[in-house]
Amino acid sequence: GFYRPSDLAWVTLRDIQFVGACNPPTDPGRNPLSHRLLRWAPVLLVDFPAFDSLVQIYTTALRGVLRPYPTFRPHVQGLTTAMVEFFVQSQRRFTAEMHPHYIYSPRELTRWSRAIGEALQTHDLHSAFALPLDFLVRLAVHEGLRLFQDRLVEEESRQWTDATIDEVFLRHFPNVTANTLQRPLLFSNFLTKEYTSVDREELRMHVKAKLRVFSEEEMDVQLVVFDSVLDHIVRINRTLQQP
């Protein structure tokens, strides 16, 4: 029981069950539960959903995301299967033993689905009807790379991610050619109000124009806008726009 703060009266509790949730002790930063606690508290392991369960769960989620876009509705199953397959391959390839932040859970699939939906919402429904399948595949691959590739440390790992995600999506979308996924994959709303694929040189000219204004009004600096700068700019912009 406990003492009630208002009048310090003792309150007795009976037939109370305490339910808690925790990650396994093998995860970084976790500690094993003591045997003194476990002798009184039964432990139930609820593992991550299997492949088929993940496909069923996120097929339902993506069906809701793509409902306003008739041209994309028939491709929900292929999109979901490709996303889950790539997620499982990345989860098996990169483990916390390699680097502590290599932790993969179905949250990545939730973030991935939500990112696709938020990007499509920037397009009005009239223009969205004209969006081709290539746009959806290119958008999905781009958002997947931002979630899975940007956390990787070694260049070899990033190259594996590039090759694997292309292979998986091209296999599940046979009508899409490899040119659709040609790098660089840059998405931004700098040039238009829609979050869409942008050409690197057009983006470079836009950034240079903004820097010219900054140099004239704030600080006279001459910055070189090379490719890596553009890559980081669109990544930072994507992160800042997330809810």
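## Glu108 and its partners

At 5% relative accessibility, Glu108 counts as buried, a class that covers residues under 20% relative accessible area, with exposed meaning over 50% and partly exposed lying in between, as computed with a 1.4 Å probe on protein chains only. Glu108 takes part in a salt bridge with Arg111, in which the closest N and O atoms are 2.8 Å apart; the term stands for a side-chain nitrogen of Lys or Arg within 4 Å of a carboxyl oxygen of Asp or Glu. Both residues belong to helix 4 (residues 107-121), where a spacing of three residues separates Glu108 and Arg111 by about one helical turn. Arg111, at 37% relative accessibility, is classed as partly exposed.

The side chain of Glu108 also meets that of Arg151 in a salt bridge, with an N to O distance of 3.2 Å. Because Arg151 lies in the loop between helix 6 (133-148) and helix 7 (155-172) while Glu108 sits in helix 4, this pair ties together parts that are 43 residues apart in sequence. Arg151 counts as buried, its relative accessibility being 17%.

## Basis of the model

The model is a predicted one, in which local features need pLDDT of at least 70 and side-chain atom pairs count only at pLDDT 80 or more, whereas totals for chains, interfaces and linings use all residues. Residues are numbered from 1 along each chain as its sequence is written, and side-chain values use heavy atoms, with hydrogens and water left out. Helices (H or I, at least four residues) and strands (E, at least two) are DSSP runs, numbered from the N terminus.

Side chains of opposite charge can pair when their charged atoms come close. In helix 7, Arg171 and Glu167 lie four residues apart, which is about one turn of the helix, and they form a salt bridge whose closest N and O atoms are 2.8 Å apart. Arg171 is partly exposed at 41% relative accessibility, and Glu167 is likewise partly exposed, at 39%.

Elsewhere, salt bridges that share partners join Arg200, Glu201, Arg204, Asp227 and Asp231 into one network. By the rule stated above, the count of salt bridges comes to 16.

## Val229 in helix 9

Val229 is located in helix 9 (residues 227-241), and its relative accessibility of 25% places Val229 among the partly exposed residues.
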